[in-house]
Amino acid sequence: MEALTTEPPQPGRGQPDEERAAARPRGAAAPVLVRAGVGSTAPAAVPGLTPAAPRESLTVIELAPPPPAASPAPAVPPAPAVPPALPAASAAQAAPPLPAAPPAAGPPPRPPVPPAPPAPVVPPPPAVLPSAAIPAPALPQPPTPVPPTPVPPPPAPTAPAAPALVHARTAVRPPIEPFITRAPGLNWSGPGDNWSRAWGTPVLPAAAAPPAPGAALPALRPAAARPAGAPTPRDLDLVHASLAALEPVAERATAHFYALLFLHRPELRSLFPAAMDVQRDRLFRALLTAARCAGDPAALARYLHPLGRSHRRYGAAAQHYEPFGACLLAAVSRYCGNRWDAETEEAWRRVYALISHTMAEGAREAAAAPSWWHGEIVAHEQRTPEVAVLTVRPDQPYPYRAGQYAAVETPWWPRVWRPYSLACAPRPDGLLSFHVKAVPAGWVSNALVHRARPGDVLRLGPAEGGMVLDHGAPGRLLCLGGGTGIAPVRALVEEVAERGSGDREVQVFYGARRNEELYELQPLLRLARQHPWLTVHPVVSDQRTPGTAGSLPDVVQSRGPWAGYDAYLSGPPAMVRRSVDVLLRSGVPGDRIRHDLGAAAGA
């Protein structure tokens with residue numbers, strides 16, 4: 001409340017003060033109007049004052065009749081901005097409550113006054129009020145107003161914590177700290193291994209005995225009871241015929257195979273990625289290739305030995321071949337229709353025994369080496385919006401040759417491996433380099449390009465691939481790299497420079513669709529200025545360029561013939577296939593054309 005005053009005469013607003021005083025019953029208290037601040041609920045209780053008063057309103061409080069005036073009214077001290085709580089009035093002084101309906105001679109009816117909310121802090125009123133405004137020398141204490149319900153003050157806002165100046169990952173381990181001291185002595189993977197627990201991969205406990213489903217699996221006989229000897233030509237014919245019948249329904253057959261496997265051996269589910277679509281395709285392709293090579297032991301070993309070694313990174317072991325084979329035969333027998341009989345089953349058993357034995361040999365050959373390596377990212381360079389160059393430090397010495405590739409797994413996609421070519425020759429410091437392009441819907445590539453940062457840890461499979469130099473037979477080299485396929489070409493050039501070229505001449509054709517996609521051109525041109533035996537030809541297909549315009553295979557064909565060269569090809573599969581045809585027509589023998597078609601084009 002700002003101040004206590006009587007209502008001044010206001011012409012045109014109700015009765016004059018003299019008439020209102022005469023109409024008031026004798027001994028009744030004179031009304032005192034209380035001026036309330038903004039937000040008061042009292043304006044509607046004052047006659048003639050509309051609720052639309054802009055900044056203040058009047059509230060009527062009936063007071064006890066003042067005693068007779070004995071002396072002039074002294075000056076009233078200024079009221080405080082926020083009045084303190086008034087003491088309770090005595091019973092004699094307490095004013096009667098406001099009547100619900102006043103006498104007819106009194107002022108117009110007024111509704112009861114609800115308790116007003118706490119008044120806001122306002123500037124104090126003038127120090128001295130006019131003496132005519134107060135007819136009594138002293139005012140008795142008014143009745144105690146009903147205090148409003150106390151509202152607890154809001155809690156003081158807590159100052160926000162200062163933002164961390166260092167990434168949470170680096171608070172534990174700096175990005176450049178060597179990871180070797182933290183790596184386990186043996187990198188082993190499988191159900192329940194440390195990597196699965198660290199990656200959050202759910203692992204089911206191994207079942208003591210397979211459950212008994214409705215349809216029993218055709219259990220494989222022990223090795224001693226299996227048909228002896230290698231598959232016969234008749235066995236191979238039966239297997240090829242059953243695969244031809246299986247091919248139209250290969251997707252359903254492979255899905256049924258995995259359903260049987262996970263039903264009977266649920267603990268093996270952790271060996272596979274969450275999404276099985278790519279895995280299904282790979283299984284059927286592997287079966288077709290192995291069945292075609294079953295009659296050629298050397299070709300079968302060349303294909304299955306690397307497969308057995310690479311499956312070690314998934315945790316596959318020798319004891320897993322038996323349930324795999326049983327579920328495979330059950331799925332094939334169901335979808336081969338009338339092509340399946342007792343003779344075909346025996347043929348499949350012999351062929352599968354040969355396949356599993358060959359894969360186990362490849363796994364045993366690599367048993368002394370780790371199944372995989374930890375690799376810490378120590379540098380991440382964004383060359384283009386979709387291409388990044390990663391520098392990785394492995395936890396142990398990583399053996400490889402220039403031109404090879406490595407399968408990479410990220411912590412964001414457990415059990416999903418993608419191959420990427422190593423972009424450098426072996427270095428004294430042991431660091432590895434990868435060129436990665438983010439492709440549409442590429443899980444691993446998008447994670448490595450857009451999410452990975454220094455300090456993140458990857459898993460690396462053993463080095464694979466046959467696109468390596470034969471330093472015992474020096475000759476001229478023709479290297480074709482399209483897009484990120486320039487990575488292994490760059491590694492081959494570095495290896496030639498380190499070992500000495502001798503009389504070796506190296507021609508590099510570096511192709512891309514646009515000029516800005518030639519992200520490795522300047523480093524290659526610097527190498528060419530340092531080594532006269534190296535020539536670099538940039539080729540752009542979809543844009544005008546100061547270099548050579550056109551598709552890479554067509555430009556290579558126009559610069560031929562290439563007889564006497566050893567050719568190394570890397571890039572998109574379509575480019576590699578067309579380039580192989582061009583080189584064969586240009587005089588390059590097929591055994592001197594090396595590539596890992598599609599292996600390093602990871603997605």
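Mentor: A nonpolar core is a set of buried Ala, Val, Leu, Ile, Met, Phe, Trp, Tyr and Cys residues joined through side-chain atoms within 4.5 Å. Keep in mind that this model is predicted.

Trainee: Which residues touch the most other members of the largest nonpolar core?

Mentor: Leu-243, Leu-246, Phe-257, Leu-261 and Trp-348 do, in a core of 43 residues. Helices H4, H5, H6, H7, H8 and H9 each supply at least two of the core's residues. Another core lies apart from it, with 27 residues, among them Val-387 and Tyr-519.

Trainee: Why is Asp-566 called buried?

Mentor: Its relative accessibility is 9%. The cut-off for buried is under 20%. Asp-566 therefore counts as buried.

Trainee: What makes the pair Asp-566 and Arg-592 a polar contact?

Mentor: Their side chains are joined at 2.5 Å. The limit is a pair of N or O atoms within 3.5 Å, so 2.5 Å qualifies. Beyond its sequence neighbours within four places, Asp-566 also contacts residues including Ala-473, Leu-477 and Arg-594.

Trainee: Where does Asp-566 lie?

Mentor: In strand S14, residues 565-570. That strand belongs to an open sheet of 6 strands, ordered S13-S12-S11-S10-S14-S15, with parallel pairing.

Trainee: Why do strands S13 and S15 stand at the edges?

Mentor: Each has a single partner strand, so one side of each is left without a neighbour in the sheet.

Trainee: How do you know that strands S11 and S12 pair?

Mentor: Pairing takes at least two bridges. S11 and S12 are joined by 7, so they pair, and they run parallel. Within S11, residues 506-512, Gly-511 stands opposite Val-539 in S12.

Conventions: Residues are numbered from 1 along each chain as its sequence is written. This is a predicted model: local features need pLDDT of at least 70, side-chain atom pairs count only at pLDDT 80 or more; totals for chains, interfaces and linings use all residues. Side-chain values use heavy atoms; hydrogens and water are left out. Helices (H or I, at least four residues) and strands (E, at least two) are DSSP runs, numbered from the N terminus. Buried means under 20% relative accessible area, exposed over 50%, partly exposed in between (1.4 Å probe, protein chains only). A polar contact is a pair of N or O atoms within 3.5 Å; within protein, one must be able to donate a hydrogen and the other to accept it, and residues adjacent in sequence count only if both atoms are side-chain atoms. Contact means heavy atoms within 4.5 Å.
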